[in-house]
Amino acid sequence: MEGSEIKEEKEAGIGQKKKIFVAGATGNTGKRIVEQLLTKGFDVKAGVRDVDKAKSVLPEGNPLLQIVKADVTEGSAKLADAIGDDSDAVICATGFQPSWNLLTPWKVDNFGTVNLVDACQKLGINRFILISSILVNGAAMGQLFNPVYIILNVMGLVLVAKLQAERYIRKAGINYTIIRPGGLKNDPPQGNIIMQPEDTLFRGSISRDQVAEVAVEALLHPESHYKVVEIVASTDAPKRSFEELFGSIEQQ
């Protein structure tokens with residue numbers, strides 16, 4: 001078997017119901033990712049800052065779920081201990097909580113993500129999925145005056161922080177899927193998923209349930225490897241399989 005074929009076979013193996021570490025597992029998107037992973041039969045290690053809160057938010061009594069204390073701002077060494085050598089992939093669904101401290105987005109959305117990537121490299125984990133945001137590269141897209149771009153960056157340049165983290169991931173040599181959703185809605189899905197290449201969508205919204213679904217399906221489909229995808233939902237969009245959706249985006 002050729003070396004490239006061995007690599008592809010190894011990378012495609014995540015679909016064989018292995019253990020997934022979810023950072024930010026009690027967040028509005030993170031908890032949905034945990035729930036969908038469990039539904040598909042994955043073992044899940046939920047990384048959380050507040051274990052007591054996690055026990056009240058995440059599915060109770062599921063033998064496939066393990067809750068561990070993990071704060072992405074505390075450095076890669078502690079994160080590596082939390083992730084452990086039994087995890088096969090990491091999904092990053094962290095996000096800063098609005099505050100008067102304008103450094104918080106950088107601590108969480110930039111340095112926190114970098115810490116997770118560094119921890120993966122320490123452990124030899126080669127699959128990383130990041131929940132980011134559309135408009136992270138709004139300046140290059142000519143969207144400097146887009147109200148969403150302005151509002152989010154007023155809160156500590158959060159989109160700039162996310163973009164810097166994305167760039168770190170793409171240079172790290174790790175097998176990544178970066179998911180950039182539009183405006184996040186807690187409501188159930190309305191419409192089908194639209195998936196576009198990076199730096200193409202600057203408006204639109206999507207249910208967090210669908211964002212979680214895309215993250216989980218990225219583990220199952222090698223068509224998602226080494227790609228940045230932007231997603232929104234529309235009632236006018238046709239229903240497409242995830243093979244089609246991911247396959248329509250060029251590999252980076």
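Q: Why does Pro 238 count as exposed?
A: This is a predicted model, and the values are computed from it. Pro 238 has 55% relative accessibility, and exposed means over 50%, so Pro 238 counts as exposed.

Q: Where is the place of Pro 238 in the chain?
A: Pro 238 sits in the loop between β10 (227-234) and α9 (242-247). Its C-alpha atom is separated by 8.6 Å from that of Gly 191, and the two residues are 47 residues apart along the chain.

Q: What makes Leu 37 a residue to look at in the largest nonpolar core?
A: The largest nonpolar core has 37 residues, and Ile 33 and Leu 37 are those with the most contacts inside it. With neighbours within four places in sequence left aside, Leu 37 is in contact with Ile 20, Val 22, Phe 42, Val 44, Ile 91, Val 216 and Leu 219. Contact here means heavy atoms within 4.5 Å.

Q: Which other core lies apart from it?
A: Another core has 24 residues, including Leu 79, Ala 80, Ile 174 and Tyr 176.

Q: Which residues line the largest cavity?
A: The lining consists of Cys 92, Thr 94, Asp 109, Thr 113, Leu 130, Ile 131, Ser 132, Lys 162 and Ala 165. Two or more of the lining residues come from each of α5 (104-123), β5 (127-131) and α7 (158-171).

Q: What classes of residue does the lining of the largest cavity have?
A: By class, the lining has four nonpolar, three polar and two charged residues. Asp and Lys count as charged, so Asp 109 and Lys 162 are the charged ones in the lining.

Methods:
Residues numbered from 1 in each chain as written. Predicted model: local features only at pLDDT ≥ 70, side-chain atom pairs only at ≥ 80, totals over all residues. Heavy atoms only, no water. 1 Å grid on protein atoms, 1.4 Å probe; cavity = no way out; pocket = protein on both sides within 12 Å on 5 of 7 lines; lining within 4 Å. Helix = DSSP H or I, 4+ residues; strand = E, 2+ residues; numbered from the N terminus. Core = buried A, V, L, I, M, F, W, Y, C linked by side-chain atoms within 4.5 Å. Buried < 20%, exposed > 50% of the residue type's maximum accessible area, 1.4 Å probe, protein only.
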